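Work through the exercises below with the model open. Each task is followed by a solution in steps.

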Amino acid sequence: MPSVSQTTFENTLADFFRERLQTEADNVTPRPREDTLWYLGNLLARFGDSDQVFSYDRGELGMRPLALLYRDALEEGNPHHRCLILRQLGDLALFMGALFPESYTRRGISRDYFVGMGGGAYDYLGENARHNRRLFSELSRRFVRLLELVAAVCDRDRAFDNSDVLQLFRRWRETGDPKLAAQLRALGVVLPDSGSMH
């Protein structure tokens, strides 16, 4: 169970991203729906915690390939569990395709791979999820544009509100929390070695 400070931090980070999404969405025609922007803000805050992106498999820390998540979804007999896997697939495809395209391009993986995987996962959810079908339908239909929106919001060259980033940095310096460090790194902050903090 997350601690109160962790929950507060995640809410603050979600608000941080939602505010930037709201501003950047003014440049998108038609503008994404409010619930879609809210969902994207929460997605970015959630993936700011590396435990949400990486997992242990056979004793190694890594990210499960999207193709294997897709296979898991195809093999899952329980419709609810299939939707959970496909939501994870769609969210990861959006996040990884927006934030790390150059890393995957060097490995020969194009943006079309993320669009196909993520858009297809959200399309299924738009027709079969218990809740938020309209939201998932928009994520599917506008996947490319929303991927570009997330990329613009998370651009490391973007001038973020310095007071927000500074507040996160101070909390990390006070606590040394590795989750806060991961959140800051996701924002492009280069952190000093832990030994140099003392």
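**Exercise 1.** Which residues of H2 are buried?

Solution. The model is predicted. Start by locating the helix: H2 covers residues 34-47, 14 residues in all. From first C-alpha to last, H2 reaches 20 Å, close to the 20 Å expected at 1.5 Å a residue. Next, apply the cut-off, under 20% relative accessible area. The buried residues of H2 are then Thr 36, Leu 37, Tyr 39, Leu 40, Gly 41, Leu 43, Leu 44, Ala 45 and Phe 47.

**Exercise 2.** Find the elements that line the second largest pocket, and describe its lining.

Solution. Begin with the volume of this pocket, about 350 Å³. Two or more lining residues come from each of H2, helix H4 (79-99), helix H6 (111-128) and helix H7 (133-141). H2 gives the most, with six residues. The whole lining has 19 residues, and nearest the pocket centre lie Arg 87, Ala 129, His 131, Asn 132 and Phe 136. Sorted by type, the lining holds 10 nonpolar, five polar and four charged residues.

**Exercise 3.** Which residues have the most contacts inside the largest nonpolar core?

Solution. This core has 45 residues, and Leu 44 and Tyr 122 have the most contacts inside it. By element, the largest share of the core, 11 residues, comes from H4.

Terms used
Residues numbered from 1 in each chain as written. Predicted model: local features only at pLDDT ≥ 70, side-chain atom pairs only at ≥ 80, totals over all residues. Heavy atoms only, no water. Helix = DSSP H or I, 4+ residues; strand = E, 2+ residues; numbered from the N terminus. Expected span 1.5 Å × (residues − 1). Buried < 20%, exposed > 50% of the residue type's maximum accessible area, 1.4 Å probe, protein only. 1 Å grid on protein atoms, 1.4 Å probe; cavity = no way out; pocket = protein on both sides within 12 Å on 5 of 7 lines; lining within 4 Å. Points joined across faces, edges and corners; volume = space filled by probe spheres on them. Nonpolar A, V, L, I, M, F, W, Y, C, P; charged D, E, K, R; others polar. Core = buried A, V, L, I, M, F, W, Y, C linked by side-chain atoms within 4.5 Å.
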